[in-house]
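Good morning, and thank you for coming.

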Amino acid sequence: MTKAAFRTITPELEMLAAEPYYQPVADEVALFEASAARRLPVLLKGPTGCGKTRFVEYMAWKLKRPLVTVACHDDLTTADLVGRYLIVGDETVWLDGPLTAAVRAGAICYLDEVVEARKDTTVVIHPLADTRRALAVDKRGELIPAPPEFMLVISYNPGYQSVLKEIKPSTRQRFVALEFDYPGAEVEAQIVATEGGIDLGSARKLVKLGELTRNLKGAGLDEGASTRLLVHAAQLIGTGVSAPVASTAAVARALTDDPDMTQTLDDMVRAVF
């Protein structure tokens with residue numbers, strides 16, 4: 001095969017055009033900006049649906065950098081992240097994976113729920129997360145230095161940790177860690193009202209429902225209602241669905257299939273609305 005039969009495809013990355021809505025809760029924006037300035041990788045930890053992904057989107061927009069998001073899972077391989085050779089017609093084509101594309105473009109690469117990925121896969125990020133700041137593409141014998149704009153961000157939910165799914169110290173200690181949680185009631189109500197397009201009074205009731213379900217964590221529920229679920233309920237209400245029906249569908253039924261717990265959640269919905 002001639003040299004001309006080989007080529008490399010690097011996906012083009014787009015900038016976020018519109019400002020994502022994000023309500024700062026503490027000093028997370030300043031810490032992220034400082035980490036970006038010093039080229040430090042960042043670890044976000046917190047419960048599902050508390051705003052980690054939206055925060056990364058907001059920071060990518062604020063820093064004017066492309067964003068590459070990878071939803072990690074059990075079958076995620078190193079090739080899925082770094083890239084692979086493909087046969088296209090009579091050509092051998094190298095296709096950059098999302099991590100490689102992000103490094104080349106000086107983007108923010110966000111590995112969401114990184115503990116879900118295989119351990120032999122996440123090791124590939126180690127050289128990017130220390131002073132080397134380089135990505136080794138073994139299949140090509142290539143070492144790609146990360147430009148100053150590149151930033152690595154990972155996230156996970158400590159509430160789902162187990163012996164088999166936790167971040168190794170050798171990975172964790174490469175990152176600046178920012179801890180997230182559900183915002184205070186009034187801030188969360190503002191978020192739900194803005195994102196859902198409903199009045200603040202109705203949003204406060206949804207937040208109250210969310211708080212009640214969170215009190216059941218470990219007592220029948222693995223997790224209480226996330227801010228995301230409350231926004232879903234608000235969006236249904238915004239289309240004209242009644243608050244009890246919207247809350248039942250978007251919150252109560254989304255949290256559990258257990259009949260007794262479902263009844264408990266239904267009682268909460270009736271009590272709040």
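Two strands are taken as paired if DSSP finds at least two bridges between them. Helices (H or I, at least four residues) and strands (E, at least two) are themselves DSSP runs, numbered from the N terminus. Please keep in mind that this is a predicted model, in which local features need pLDDT of at least 70 and side-chain atom pairs count only at pLDDT 80 or more, whereas totals for chains, interfaces and linings use all residues. Residues are numbered from 1 along each chain as its sequence is written, and side-chain values use heavy atoms, with hydrogens and water left out.

I begin with the hairpin of β7 and β8. Strand β8 covers residues 142–145 and runs antiparallel to β7, with four bridges joining the two. Within this pairing, Ala-134 stands opposite Pro-145 in β8. Four residues lie between the strands of the hairpin, and Gly-141 takes a positive phi near 60° there.

I turn next to charged side chains. A salt bridge here is a side-chain nitrogen of Lys or Arg within 4 Å of a carboxyl oxygen of Asp or Glu. The count by this rule is 15 salt bridges. For accessibility, buried means under 20% relative accessible area, exposed means over 50%, and partly exposed lies in between, with a 1.4 Å probe and protein chains only.

Which residue forms a salt bridge with Glu-188? The partner is Arg-214, and the closest N and O atoms are 2.7 Å apart. Arg-214 belongs to helix α8 (residues 200–214) and Glu-188 to helix α7 (residues 185–196), so this pair ties together parts 26 residues apart in sequence. Both Arg-214 and Glu-188 are buried. Arg-214 also has an aromatic neighbour: its charged end sits over the ring of Tyr-182, 3.9 Å from the ring centre. That term requires NZ of Lys or CZ of Arg within 6 Å of the ring centre and within 35 degrees of the ring normal.

A second salt bridge joins Asp-130 and Arg-174, at 3.5 Å from N to O. The two residues are 44 apart and link distant parts of the chain: Asp-130 is in the loop between α5 (119–122) and β7 (134–137), and Arg-174 is in the loop between α6 (169–172) and β10 (176–179). Asp-130 is partly exposed, at 21% relative accessibility, and Arg-174 is partly exposed at 24%.

Lys-217 and Glu-223 form another salt bridge, again described by an N to O distance of 3.5 Å.

My last topic is the aromatic rings. Rings of Phe, Tyr and Trp (its six-membered ring) pair if their centres lie within 6.5 Å; planes under 30 degrees apart count as stacked, over 60 as edge-to-face, and the rest as tilted. This rule gives six aromatic pairs. One of them is edge-to-face: Tyr-85 and Trp-94 lie 4.9 Å apart centre to centre, with 70° between the planes. Tyr-85 is partly exposed at 41% relative accessibility, whereas Trp-94 is buried at 1%. Elsewhere, ring pairs link Tyr-22, Phe-32, Phe-55, Tyr-58, Trp-61 and Phe-180 into a cluster.
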